[in-house]
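Trainee: Could you take me through this model and tell me what the words used for it rest on?

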Amino acid sequence: MSSEPSVNPEQGPATAAAPAWQPPRVTKVGGGSSPQVEKALADVRKKIYPRSVSGLFAHWRIAMVVLTQLIFYGLPWLQWNGRQAVLLDLAARKFYIFGMVLWPQDVIYLAVLLVLSAFALFLFTAMAGRLFCGYACPQTVYTEIFMWVERRIEGDRLARIRLDEQPWTWRKLRLKAAKHTVWILIAWWTGSTFIGYFAPIRELGMGLITLSLGPWQWFWMAFYAFATWGNAGFMREAVCKYMCPYARFQSVMVDDDTYVVTYDFERGEPRGGRSRRIDHKEAGMGDCVDCSLCVQVCPTGIDIRDGLQYMCIGCGACVDACDQVMEKMDYPKGLIRYTSGRAITEGLTQPQVRKRLFRPRVLAYMAILTLISIAFVISLVTRTTLRVDVIRDRGVLGREVAGGMIENVYRLQIINTTESPLTITLGASGVPGLSILTADSSSNSLEIDAASNKLVPVVLRAPTQEVKPGLYDINLTATATSAEGDENVVVERSSFFVPK
Ligand code: SF4
Ligand code: SF4
């Protein structure tokens, strides 16, 4: 933040009797009388011009923008075993994630991952409110990037307000055109990168340069670029306030012990302008100089002094702004700070607040999250690299063939989830003299390529004189041998029918 508080701190103490001030409460969502609805509608239309701010939490936000974008833009370019390290190949129904190849049969991992994410969200919200929103949510991150571009081109809050109020001139046209050009380039890069998680990004890059992409690739790239441009350039806080479902249900996960951005009303009230030379405590005033900087820097345009509100994304910008004012006024920092509502109302110390963070609800979330995470990792690590599904030929249950043999026909769906080719040796047991051969090559062994699946028709035969009519339980065995000599055996159950 580059300039002084907008209210002159040298002005005299407020003389009018301060209105009785009540401790804030979490703003309720929904309901509301018509003036409230009208105000909400007016708020939607009102453009917010957040003022820039520097400080500890601004640095954290920048660090998170850099970190998340390094990962997002960089990850699709990483290579692994001669292929894209992370590729969600929807057309081939294969997800490549570093050393793993996941198939549609692995959808359970996706389900568990969603459950894990949900519990992680419950845990972090119960502990620290909308911390994810303020630092890592793509909406916040891209809004930060777009606002940074806007500030570089159009200037800080006041310059932007003046520019928007001005009639159209060449200067205004030039600035707006420059801003939108940079925004569209960032948005296009973001859209292309996103598509690069679903189609090989190197080919996409070449197709983009030579303008040889397919119509769907152009469509989805333009779609995501447009979404980025619209959300980060125009919708901004409206997404957090009116569209994000998380904002709506967070109030049921936050309680008085949640660590959130909080205004210390005990310390701050009664608020008002004053001279730095007076003893404001003697004058019966609180520490808040009512400079409104905390409101001016807020990306969602709220006043945190009204209490915790569902629109607060927990970004900490107001904390940085207020700390700078406190520093100038020579007051202790932390009038607005990350703490709990109970800490303010009951005067708890920070160690007491931290201790209360680990309340039974949080411990339960932690325990569940830990258990599911351990189970998830164990199941991923021990995941079988060879899958075999046996499908019986329903057309012909069993028949007698030349040579005095009873024959049953099956199809084996064999999936090699490793990234090396495998040699599969088939075997069958459960009926005296039972043999297995592939229908195509009359052999009991076959090759399967890396990360691929194969449908193999097989024939099982047993000598007629050794089996009586009936249905027999049998085991089909597939032994996979890698080029390094490692063996993996899969046994599948099925049945063998001997007709009368
Ligand atoms: S009130 Fe403070 S923490 Fe909440 S969104 Fe506004 S600036 Fe960020
Ligand atoms: S809380 Fe801090 S930043 Fe906000 S008006 Fe009061 S003194 Fe200014």
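Mentor: The largest nonpolar core has 54 residues, and C294, A317, C318, A321, C322 and I336 have the most contacts inside it. Its largest share, six residues, comes from α14. This is a predicted model, in which local features need pLDDT of at least 70 and side-chain atom pairs count only at pLDDT 80 or more, while totals for chains, interfaces and linings use all residues. Residues are numbered from 1 along each chain as its sequence is written, and chains are lettered from A and ligands numbered from 1 in the order in which they are written.

Trainee: What makes a set of residues a nonpolar core?

Mentor: The members must be buried Ala, Val, Leu, Ile, Met, Phe, Trp, Tyr or Cys residues joined through C-beta atoms within 7 Å, where buried requires 20 or more other C-beta atoms within 10 Å of a residue's own. A second, separate core of 20 residues includes I414, I424, L426 and I474.

Trainee: Which residues is I336 in contact with, leaving aside its neighbours within four places in sequence?

Mentor: They are V261, Y263, C294, I304, C318, V319 and C322; contact means that the C-beta atoms, placed from the backbone, lie within 7 Å.

Trainee: What surrounds ligand 1?

Mentor: There are 14 residues around ligand 1, with C298, I304, C312, C315 and C318 the closest, and the shell divides into 11 nonpolar, three polar and no charged residues.

Trainee: Which residues come nearest to ligand 2?

Mentor: Of 16 residues around ligand 2, the nearest are C288, C291, L293, C294 and C322, and α14 gives the largest share of that shell, three residues.

Terms used: Near = placed C-beta within 6 Å. Nonpolar A, V, L, I, M, F, W, Y, C, P; charged D, E, K, R; others polar. Helix = DSSP H or I, 4+ residues; strand = E, 2+ residues; numbered from the N terminus. Buried ≥ 20, exposed ≤ 12 C-beta atoms within 10 Å, placed from the backbone. Contact = placed C-beta atoms within 7 Å.
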